[in-house]
Amino acid sequence: MNNEEVLVAVGRKSVKVVVAGGFGTGKTTLVGSVSEIPPLTTEEVLTQASVGVDDLDGIEHKTTTTVALDFGRITINADIVLYIFGTPGQDRFWFMWDELAQGAIGAIVLVDTRRLDTSFPAIDYFERRQIPFVAAVNMFFGERLYSEDEIRAALKLSPAAPLVWFDARDRGSSKQALISLVQHAISQMPVSTRSSV
Amino acid sequence: MIRDTWYGDDEQEAGRFVPLYVLVNGRTRPQNASLDLATQVIAMPGDTRALEPEYEAILSRCWTWMSIAEIGAYLNYPLALTKLLVDVLLEQRLLSVGSPAEEPSVDRATLETILVRLESL
């Protein structure tokens, strides 16, 4: 059967935002703060072979790994739903990032000032692919130990990428981080974009 | 019809008797390549009598628009399998699909609509 026969409702649309950052930086907390439903977890079951092992010795002992993705949703209007996906905590599941990032509005990269290095892989990932992102410093304990300049320098953040402070536990604050991302994504669009309709 | 007696322990190991790849006729990739974990689908009226319970479970979840990720989360199916099951139901026209999330990429008007909505939250 060919694709023309599939029933398509053109107006119905999903948009995605990716929440990235190292393990324990507050991704799931952020998703839970802004989502209109309790955060959901969906799982991908992988065989070890697809995780990219170096050799095939012991393939008879092939095991499976489960990658969990936490996500939430915000209904924008009757047609559009925004899905907010947290990336898998472990860096080795990069291939999952590709599906998450494909066509996404952009990403919020969570930054923990006590462990800045955990944010490097995510920043690098989105920079390379020219996907709009904001770096969001999660103030776990209300601390603001470093200046914006210090953090930018440490993260080697390009001047174009916004850096915001927020508290992932707070809905209003998390919402502001999301708004910063959407504003940044709009600012990154070509100026002369005309509506395609 | 003569049925072989099954002495294997697949059921214990895998938790179910019919292997998942049988359920989707050995399909390993969706025919509809644009299916994304955020793609939304909705149930359409049709004859569902011949369906396996896994398909029925999806249709009863999709009385309203539902993304593939949500279906997987609610029904506890792995994402790749959810995609394949949805793909089969789309071909049978028992599901209707929204625009793919990944293309065309989000336009300015949509972003502005999202911004207004977020600010009103």
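The model is predicted. Chain B and chain A bury about 4,300 Å² between them. Four salt bridges cross their interface. The second largest pocket holds about 530 Å³ of space.

**The interface as a whole**

- The size of an interface is often given as the accessible area lost when the parts come together.
- Of the area that chain B and chain A bury between them, 62% lies on carbon and sulfur atoms.
- Chain A brings 50 residues to the contact, and chain B brings 44.
- On the chain B side, B:Arg108, B:Leu111 and B:Leu118 lose the most area to chain A. Together they account for 15% of what that side buries.

**Polar contacts and the chain B side**

- Between chain B and chain A, 21 residue pairs are in polar contact, with both residues at pLDDT 80 or more.
- Four elements of chain B each supply at least two residues of the side that touches chain A: helix H4 (68-75), helix H5 (79-91), strand E3 (95-99) and helix H6 (108-120).
- H6(B) gives the most to that side, with 10 residues.
- By class, the side of chain B that touches chain A has 22 nonpolar residues, 11 polar residues and 11 charged residues.

**Salt bridges**

- Side chains of opposite charge can pair when their charged atoms come close.
- Over all chains, the count comes to 12 salt bridges.
- B:Asp36 and A:Lys16 meet through their side chains in a salt bridge, at 2.9 Å from N to O. This pair crosses between chains. B:Asp36 sits in the loop between helix H2 (20-23) and strand E1 (40-43) of chain B, while A:Lys16 belongs to strand E1 (residues 7-20) of chain A.
- A:Lys13 forms a salt bridge with B:Asp107. Their closest N and O atoms are 3.2 Å apart.

**The second largest pocket**

- The lining of the second largest pocket is made up of 22 residues. Nearest its centre lie A:Ile105, A:Gln130, A:Ile131, A:Pro132 and A:Gln188.
- Helix H3 (120-128) and helix H5 (171-187) of chain A are the elements that give two or more residues to this lining.
- The lining of the second largest pocket divides into 14 nonpolar, six polar and two charged residues.

How values were computed:
Residues numbered from 1 in each chain as written. Chains lettered and ligands numbered in written order. Predicted model: local features only at pLDDT ≥ 70, side-chain atom pairs only at ≥ 80, totals over all residues. Heavy atoms only, no water. 1 Å grid on protein atoms, 1.4 Å probe; cavity = no way out; pocket = protein on both sides within 12 Å on 5 of 7 lines; lining within 4 Å. Points joined across faces, edges and corners; volume = space filled by probe spheres on them. Nonpolar A, V, L, I, M, F, W, Y, C, P; charged D, E, K, R; others polar. Contact = heavy atoms within 4.5 Å. Buried area = accessible area lost by both parts, 1.4 Å probe. Polar contact = N/O pair within 3.5 Å; in protein donor to acceptor, adjacent residues only side chain to side chain.
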